[in-house]
Amino acid sequence: MYSSATTAPVPFAPMPPAPGAALYSHLLAPLDLGFTTIKNRVLMGSMHTGLEDGRDLSRMAAYFRERAEGDVGLIVTGGFAPNIAGWAKPFAGTLATSGAAKRHRVVTDAVHGAGGKIALQILHTGRYAYHPLAVAPSRLQSPISPFTPFALSARGVERQIRAFVNCAVKAREAGYDGVEVMGSEGYFINQFLSQTTNLRTDAWGGDYSHRMRLPVEILARMREAVGPDFIIIYRLSMIDLVPGGSAWDEIVTLGKAVATGGANIVNTGIGWHEARVPTIATSVPRAAFAWVTQKMKAEFAAAGIATPLVTSNRINTPEVAEQVLADGCADMVSMARPLLADAAFVKKAVEGRADRINTCIACNQACLDHVFQNKTSSCLVNPRACHETELVYRPVSSRKRVAVVGAGPAGLTAATVAAERGHEVHLFDAAPAIGGQLNMAKVVPGKEEFHEMLRYLATRVEDTGVQLHLNQRVQAADLAGFDEVIVATGVEPRDPKIPGQDHPKVLSYIDVLRHGRPVGERVAIIGAGGIGFDVAEFLTHGDHPSTTLDLPAWKAEWGITDPAAARGGLVPTGPRATPPARQVTLLQRKKGKLGAGLGKTTGWIHRTTLKMKEVQMVSGVNYERIADEGLLVSYGDKREDPTWIACDTVVLCAGQVPLFSLAQDLEAAGHKPHRIGGALEAGELDAKRAIDQAARLAARL
Ligand code: FAD
Ligand code: NAP
Ligand code: SF4
C-alpha cells in the first residue's frame, strides 16, 4: 500500500497506451524544444477575456488551472501590454514592474501546480488602441478606433522595444515559461511591417528590410535578456487579408528571420482586425487557413529551419487538429475558443472520448462579443468559462425528484447539471428529439456547428443519468409528486396580425426551417431579427452546398487567395458569391440599418453575406396587407407610398413570445415552478442566455 500522497504508484507492467494515443498520434506527441518539452501539440491560443484587467488575477488563475488540469500542452494568456502606450483600452492589463510580476505568481503557480506550462502574451496595440495615448509608426487612424495615434520618434521606437524586452524579463520573473510576441492581427508590430500603415522614411520605414527591423530587434534583444532557456513565441501574420497587406516573399523573409533570430516557436496570425473577411466565425470552414502555415512549413524546410510552426483558426475537434498535423501543415495547433468551451478537451482526446467534448460552435456570442461590450468573456456552450470560481456544480446533500419540461438548450442544461449534482431528474419534451429551436438553427447554411452542440447535449443526458421522456406533451396534472419543477417550454412565434396573413402564400419560419414547406422564387420576409436573417440565408442558398463545407468555394466567395498571388491574400477583383437561389426582400418596421441587433463581431458578416446574395433590405415599413399580388407596404406615420412587393411566398419572422401556459397552470394549482429560457422571457432571448440561466438555477437547486 502506498502511504505517501505525493508518490505516484509505479505500475508493474508498462501502462497500456491511452486510447487517444493511437487515434491522435500527431496531436498527442510531445514537442521537444531542447531545454524543455511540451507534453502535446496543443497550444491554447491567446484570448482576451477581461480577467487580465485589474490587480487581482485569482480568477484568471482558476480559469487557466482548469485548462492545465485538462492537459493543454502550452497555454498562452490574453494580451498584456508592455507599457501604457500599448494598452488596448485605459487600464488594460500591463506587465512592466516587479510588483506586477509578483501579482502574476498566482497564475503561474496554479498552472504549474496542475502540471501545465504557460506563456504570457505581450500585446502592444499601436493604432488599434482605444485611448488617446496611442502610438504608431505613422500618424494614421485605424478604421476600428476613434483615436489617432502619435507617430513615434526614433527614440520613441527605442522606448517601445525596451518595453517589450522588459515585459519578457518580468514575465520570467513572474514564473512564466515563456512569452508570445504579438506580431499579427494588425497590431503595433504589424503596423510597422505594412507599407500602408508605415510611411516612415527613417531606419524603421521605407523598404521591407527597414519595416521588418522592429520585430527583428525586439526578438534579438529579448533573447539576450531572458537567456536561452525561456520560450519565445512569435505570432506572425501569415496572411493580412487587407488591401496592401504583406506580400508572401516579405512574410517568408520575416518568418525566417524570427525563426532564426530568437523565437523557439512561430505561431500563425490570420487577418488584421480591420479585415472585411471572416476568419473565425462559425461560417468559416474548419481549418480554413491551415494551408497558409503549410506553405510556410515548406519554406522553412527548404531553408533547413526546424523551428516549430503553429497553425490556427477554426480548429475545434481533435480529428481536425490531428488531420492538419498529419498533413504536415504545422507542428502544433492553436486552439483558443475550443478550450473555453471545454477545459478538458485534450484530456478527453487522450482518453479516446472525443465524442464527449463540448465543441466550440464559433458563435463569438459570449467570448469575443463580450470583450467588445467590456464584459468578462464566457462561453455560450459552457457558462462556467471564466466564471470557474463563481459557478460551481457541487454535489447535493439531499437528493430531490426534479421534473424539467422542455428539452431545448435551457431544459437540457438545467436537467444535466441537476442530475450531475445528484438529483433524480426527469426531462420531458413534446417533440420526438431533444434540442428545441437548435434543430432549426442547425439547418441554416453556415450554422452546421449546431449539430455538435446537439451531439454533446445528447451525451450529457446519457452520462448524467437524466431520464428522458420524448413525445410527451406535459400538463400541470402530470407533475404531481416532483419536489421541483422547471418549466423550459420555450417560445411560440409572435402573431403580427397583418391583414391577409391567412393567405396560402404565408408561412412561418417553423414551416420553412422545421417542416421544409415549399417556398416560391420571390420571397418577402417579415422581420429582420436573427431568425429573419437566418431564413434569408437559408432561402438564398437553396440547394447549393454550404460553403462552410467547401473551402475552395468559401475562399472564392470572400475573395481570398494565396498571398503569393496578391498582396494581403485578397483577390483584386473582390468577393464572388454564387447567384442567389431566390429573390428575397427582408423587411422591418423600424428605421435604420437591418441587423443592427446582431452579434457585435458577426453581424457585419451576416449583412455582407445577404448583400452578396442580392437580398433587398427595406426598413421603416408598415405592413398593410397580404394578397395574391404579394405584400403591400407603406412608409412613415402617414402610411405613405403604398407599394406592392411582388412575391410568391411571405415568411413571418416577427419575433417570439414566451410559452408559459404550463407555468401559469402550475401556479394556479399552488406550485412554485422555476421558469427559464424562453418560457421566462422571449425578448432578446438566445441560447447563451437560456443556457446560462439554466446552469445557474441548477447549480443552486
Ligand atoms: P426552446 O429551444 O424553444 O425549447 C423549448 C422546448 O420545449 C421545445 O423542444 C418544445 O418542444 C418543448 N415544449 C414546449 N411545451 C412543452 C410541453 N408542454 N411539454 C413538453 N415539451 C414542451 N440562439 C443563439 O444563441 N445563437 C444562434 O445562432 C441562434 N440561431 C437560431 C436560429 C434559428 C433559426 C432559431 C429558430 C433560433 C436560433 N437561436 C439562436 C435561438 C435559440 O435557439 C433559442 O433562444 C433557444 O433555443 C431557447 O431555448 P429554450 O430552451 O428556452 O427553448
Ligand atoms: P427578434 O430578434 O426580436 O426579431 C424580431 C423581428 O420581428 C424584428 O425585426 C422586429 O422588427 C420584427 N417584429 C417585431 N414585432 C413585430 C410585429 N408585431 N409585426 C411585424 N414585425 C415585428 O427575434 P427573432 O428574429 O424571432 O429571433 C428570436 C431570438 O433568437 C432572438 O432574440 C435572437 O437573439 C435569437 N437568434 C439569434 C441568432 C444569432 O445568430 N445570434 C440567430 C437567430 C435567432 P420591427 O419591430 O422593426 O418590425
Ligand atoms: Fe466558442 Fe461561442 Fe463559446 Fe465563444 S461563445 S467559445 S465562439 S461556443
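Start by selecting helix α18, residues 530–541; with three residues, this helix gives the most to the shell around ligand 2. Helices here are DSSP runs of H or I with at least four residues, strands are E runs of at least two, and both are numbered from the N terminus.

Before moving on, note that this is a predicted model, where local features need pLDDT of at least 70, side-chain atom pairs count only at pLDDT 80 or more, and totals for chains, interfaces and linings use all residues. Residues are numbered from 1 along each chain as its sequence is written, chains are lettered from A and ligands numbered from 1 in the order written, and side-chain values use heavy atoms, leaving out hydrogens and water.

Next, show everything with a heavy atom within 4 Å of ligand 2. Of the 21 residues around the ligand, Ala528, Ile531, Arg589, Lys590 and Leu685 come nearest.

Now zoom in on the polar contacts (N or O pairs within 3.5 Å). A backbone N or O atom of Arg589 is 2.9 Å from an oxygen atom of ligand 2, while polar backbone atoms of Gly529 and Gly530 each lie 3.3 Å from a ligand oxygen. The protein covers 77% of the 890 Å² of accessible area (Shrake-Rupley, 1.4 Å probe) that ligand 2 has on its own.

Finally, colour domain 2 (401–492 + 657–700) and domain 3 (495–544 + 581–654), with bounds from an automatic or database assignment. Both give residues to the shell, so ligand 2 lies between them.

Technical notes:
A polar contact is a pair of N or O atoms within 3.5 Å; within protein, one must be able to donate a hydrogen and the other to accept it, and residues adjacent in sequence count only if both atoms are side-chain atoms.
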